[in-house]
Amino acid sequence: MKSIYDNEMKLEFLSKSNNEAFARITVAAFVSQLDPTIEELADIKTAVSEAVTNCIIHGYEDCEGVVKIIGRIFANTIEIEISDTGRGIENVDLARKPLYTTKANLERSGMGFTIMESFMDEVEIESVLGLGTKIKMKKMIKKIPIEEDSLELMSLGGI
Amino acid sequence: MNINYNQNEKVLCIEITEEIDHHAADKIRRKVDNEITRYMPRKTVFDFSRVTFMDSAGIGMIIGRYKMMKLIGGSLEIENVNESSKKILEMSGILKIIPISELKMA
Ligand SMILES: Nc1ncnc2c1ncn2[C@@H]1O[C@H](COP(=O)(O)OP(=O)(O)O)[C@@H](O)[C@H]1O
Ligand SMILES: [Mg+2]
């Protein structure tokens, strides 16, 4: 089967909080083939960390489940899908609002979706109560154009 | 995490050495709250020079400690914040209530 994407990966892990670092580091390693800047990579890691944490603490709450990540690369765009089959979101529009949280008692800040939206180019939320939540995020990695003379230098074997 | 308490100045300094996500924030919170109740400092300073990653869990953790310091009549500061952590702190609006200093590039 030939994929329409340039590259794809799939990752599944238990909803344990010590997998949050594992998830963002793995996605960062996958994205690194697009040669992102340090800032772009930090943005992606943060957005992934937010979405994965949400699956763990909101989606599955106290029970254990599986968090699934699909990463896709197409040209210089990374698409990341992060999903759980947990409780779902009652009101997605409300959930997206800055500072909105249903878990203030756990010192949540309600800034997760706001961070995802400002660090990624696109964030889609699909959620069905009782069935789960899927976050689809996209970011274009902007290539820094190579200067003409440095190209010349390269062809001369200067670099 | 490295903890240092200056008795004369009543300043509790906490150097965070891990990435601050939800997993780490839970542990940092418990430890720091213990130290604050033990010393009742006048000021608590978080040293962020070794923090290479922070997400929104850091915001909750900081606001929680800020409230605790306020409760005992003290203050909270954050030192050596890097570019990406600053971006997150800025977004949350807590820079209006908590003083920070930026990390100087070596
Ligand atoms: N995967 C999820 N499953 C169920 N509810 C979710 C999920 N993700 C987010 N939510 C809901 O959306 C709210 C806002 O999420 P977010 O902006 O990340 O803030 P926080 O995680 O700090 O509460 C959460 O408090 C929760 O009610
Ligand atoms: Mg969140």
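Predicted model: local features only at pLDDT ≥ 70, side-chain atom pairs only at ≥ 80, totals over all residues.

Colleague: Where does Lys10(B) lie?
Modeller: In chain B, in the loop between strand S1 (2–6) and strand S2 (11–15). Lys10(B) is not a glycine, yet it has a positive phi of about 55°. Most residues other than glycine have a negative phi.

Colleague: And what about the phi of Glu107(A)?
Modeller: Positive again, about 60°, and Glu107(A) is not a glycine either. Glu107(A) sits in the chain A loop between helix H3 (92–96) and helix H4 (112–119).

Colleague: Switching to strands. How do S3(B) and S4(B) run?
Modeller: They run parallel, with five bridges joining S3 (residues 43–47) to S4 (residues 75–81). In one of these, Phe46(B) has Ile78(B) as its bridge partner.

Colleague: Which helix goes with them?
Modeller: Helix H2 (residues 56–71) of chain B. With S3(B) and S4(B), it makes a right-handed β-α-β unit. From S4(B), the chain then crosses through helix H3 (residues 83–92) of chain B to S5(B), and that crossover is right-handed.

Colleague: How many bridges pair S4(B) with S5(B)?
Modeller: Two, in the parallel sense; S5 covers residues 100–102. Val81(B) has Glu102(B) as its bridge partner.

Colleague: Last topic, the surface. Which residues make the nonpolar patch of about 310 Å²?
Modeller: Met40(B), Leu71(B) and Ile72(B). Leu71(B) belongs to helix H2 of chain B. Its relative accessible area is 77%, so Leu71(B) is exposed.

Note on methods: Residues numbered from 1 in each chain as written. Chains lettered and ligands numbered in written order. Heavy atoms only, no water. Pairing = 2+ DSSP bridges. Helix = DSSP H or I, 4+ residues; strand = E, 2+ residues; numbered from the N terminus. Right-handed = clockwise from strand over helix to strand, strands pointing away. Patch = residues over 30% accessible without salt bridge, like charges linked within 9 Å, V, L, I, M, F, W, Y side chains within 5 Å. Areas by Shrake-Rupley, 256 points an atom, 1.4 Å probe, with all protein chains shown as cover. Salt bridge = Lys/Arg side-chain N within 4 Å of Asp/Glu carboxyl O. Buried < 20%, exposed > 50% of the residue type's maximum accessible area, 1.4 Å probe, protein only.
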